[in-house]
Amino acid sequence: MKIIFDTDIGTDVDDLVALALLLNSPEIELAGVTCVYGDVLMRARMALKLLRMRGRGEVPVTMGATKPLLGDRPIYRGAHEGRRFLEAEDEALQPASEFAVNFIVRSVMDNPGQIHLLCIGPLTNAALAFRQEPRLAQNLAGGLTIMGGAFQRSADVYTDYGEYNIVSDPEAAHIVFSSGAPITLIPLDVTTQVRVTSADSARIRQAGTRFHQAVADQIDLYSYFAARGWTHMHDPLAATALIQPALVSLTPLHVDVETGGRFAAGVTFMRSPDADWPENARVALDVDVKGFEEFLIDRLTR
């Protein structure tokens, strides 16, 4: 499968782990990495550095939207990865000059039915791409896979009322879910069930290369992980849904995104589809936790 990986790498370590997983998966051909939200130059440099560590410097990396679609929402938090990863000399790492949205549209329209879009950050780049080229939905290979949203909230969910990626740009999410493109949604309902632990990080480190050392370091340094000895693997589960789809169970649903209200903006509402509310996403509501966690560490230690 050929994919474009749209990411806000540098906010939670799971983006970096997801990219590492893709790089270690021969089932995936990485057509490009597009960065979104906030400090996209820092995010692009992180992606470039990890790609080069794995000998994949030919993969294009582009910078996309820095702000939410309407520009009226604050950037929720600055990136806090990069310690002991990005160094002074990495300022020489330069992404491609093409705007990420243009790269997505051009790549898909020049290769109809060949490229899948994996979105694991705010959906601003994807929304702008659909706005620029309405035919994009029909030309994606299998549409989009998105990490985001929540159906029935779990006691383990530590976010606010809505899930971070959707809350960061609700209007963009609304455009994407209204695009007509096939969507596979990997929500908090399943991503908060899967973890990486200190023992897993140690196994990755034991693989011995600079690449593996960097992945393990970033896991260990992530503040949530450092405080608990584990962290959720939201984005790697979305990537795994492409590589090993049998590890998640998908339910056809109609998904709406709330775009108004002081507290509810960005909340996802989901219902069984009917004539008035047609299916617009297949939503993962169950996951093989042990199978995923074993798969993830096996791939990351290659």
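The accessible surface of the protein amounts to about 12100 Å², and carbon and sulfur atoms account for 49% of it. The structure is a predicted model. Of the 302 residues in the protein, 57% are buried. The C-alpha trace extends over about 55 × 40 × 35 Å along its principal axes. The secondary structure consists of 13 helices and 11 strands. The radius of gyration is 18 Å, close to the 19 Å given by the globule rule for 302 residues, so the protein is as compact as a globular protein of that length. Among contacts between residues at least 6 apart in sequence, 82% join residues at least 24 apart.

Strand 4 comprises residues 115-119. Five of its five residues are buried, so strand 4 is largely enclosed by the rest of the structure. Cover is present on both faces: Ile115, Leu117 and Cys119 are buried on one side, and His116 and Leu118 are buried on the other. Strand 4 is joined to strand 1 by five bridges, and the two strands run parallel. Within this pairing, Ile4 has Leu117 of strand 4 as its bridge partner. Strand 4 also runs parallel to strand 5 (residues 144-147), to which three bridges join it.

Two bridges connect it to strand 6 (residues 183-186), in a parallel arrangement, and Leu185 stands opposite Val283 of strand 11. Strand 9 (residues 248-257) is joined to strand 11 by six bridges, and these strands run antiparallel. In strand 11, Arg282 is the residue opposite Pro252.

Asn280 is located in the loop between strand 10 (268-271) and strand 11 (281-287). Its relative accessible area is 17%, and Asn280 is buried. With residues up to four places away in sequence left aside, Asn280 touches Phe177, Ala181, Ile183, Leu253, His254 and Val255. The C-alpha atom of Asn280 is separated by 13 Å from that of Ala173, although the two residues are 107 residues apart along the chain.

Helix 10 covers residues 210-221. Its 12 residues should span 16 Å at 1.5 Å a residue, and the end C-alpha atoms are 16 Å apart, in agreement with that value. The buried residues of helix 10 are Phe211, His212, Ala214, Val215, Ala216, Asp217, Gln218 and Ile219. The elements that cover these buried residues include helix 1 (13-23), helix 2 (40-53) and helix 13 (289-300). Strand 7 (195-197), helix 9 (198-206) and helix 11 (223-228) are also among them. Asp217, one of the buried residues of helix 10, takes part in a network of salt bridges that also links Arg84, Arg205 and Asp220.

Side chains of opposite charge can pair when their charged atoms come close. A search of the whole structure gives 12 salt bridges. One of the salt bridges is formed by Glu29 and Lys2, whose closest N and O atoms are 3.9 Å apart. Glu29 belongs to strand 2 (residues 29-35) and Lys2 to strand 1 (residues 2-7), so this pair ties together parts that are 27 residues apart in sequence. Glu29 is partly exposed, with a relative accessible area of 46%. Lys2 is also partly exposed, with a relative accessible area of 22%.

Another salt bridge is formed by Arg73 and Glu171, with the closest N and O atoms 3.0 Å apart. Arg73 lies in the loop between strand 3 (61-63) and helix 3 (100-110), and Glu171 lies in helix 7 (residues 170-177), so the pair ties together parts that are 98 residues apart in sequence. Glu171 has a relative accessibility of 13% and counts as buried. The side chains of Arg56 and Glu58 also meet in a salt bridge, at 2.7 Å from N to O. Arg56 is partly exposed, at a relative accessible area of 22%, whereas Glu58 counts as exposed at 52% relative accessibility.

Key. Residues are numbered from 1 along each chain as its sequence is written. This is a predicted model: local features need pLDDT of at least 70, side-chain atom pairs count only at pLDDT 80 or more; totals for chains, interfaces and linings use all residues. Side-chain values use heavy atoms; hydrogens and water are left out. A salt bridge is a side-chain nitrogen of Lys or Arg within 4 Å of a carboxyl oxygen of Asp or Glu. Helices (H or I, at least four residues) and strands (E, at least two) are DSSP runs, numbered from the N terminus. Buried means under 20% relative accessible area, exposed over 50%, partly exposed in between (1.4 Å probe, protein chains only). The expected span of a helix is 1.5 Å times one less than its number of residues. Contact means heavy atoms within 4.5 Å. The radius of gyration is taken over C-alpha atoms; the globule rule is 2.2 Å times the number of residues to the power 0.38. Accessible areas come from the Shrake-Rupley method with a 1.4 Å probe; for residues, only the protein chains shown count as cover. Two strands pair if DSSP finds at least two bridges between them.
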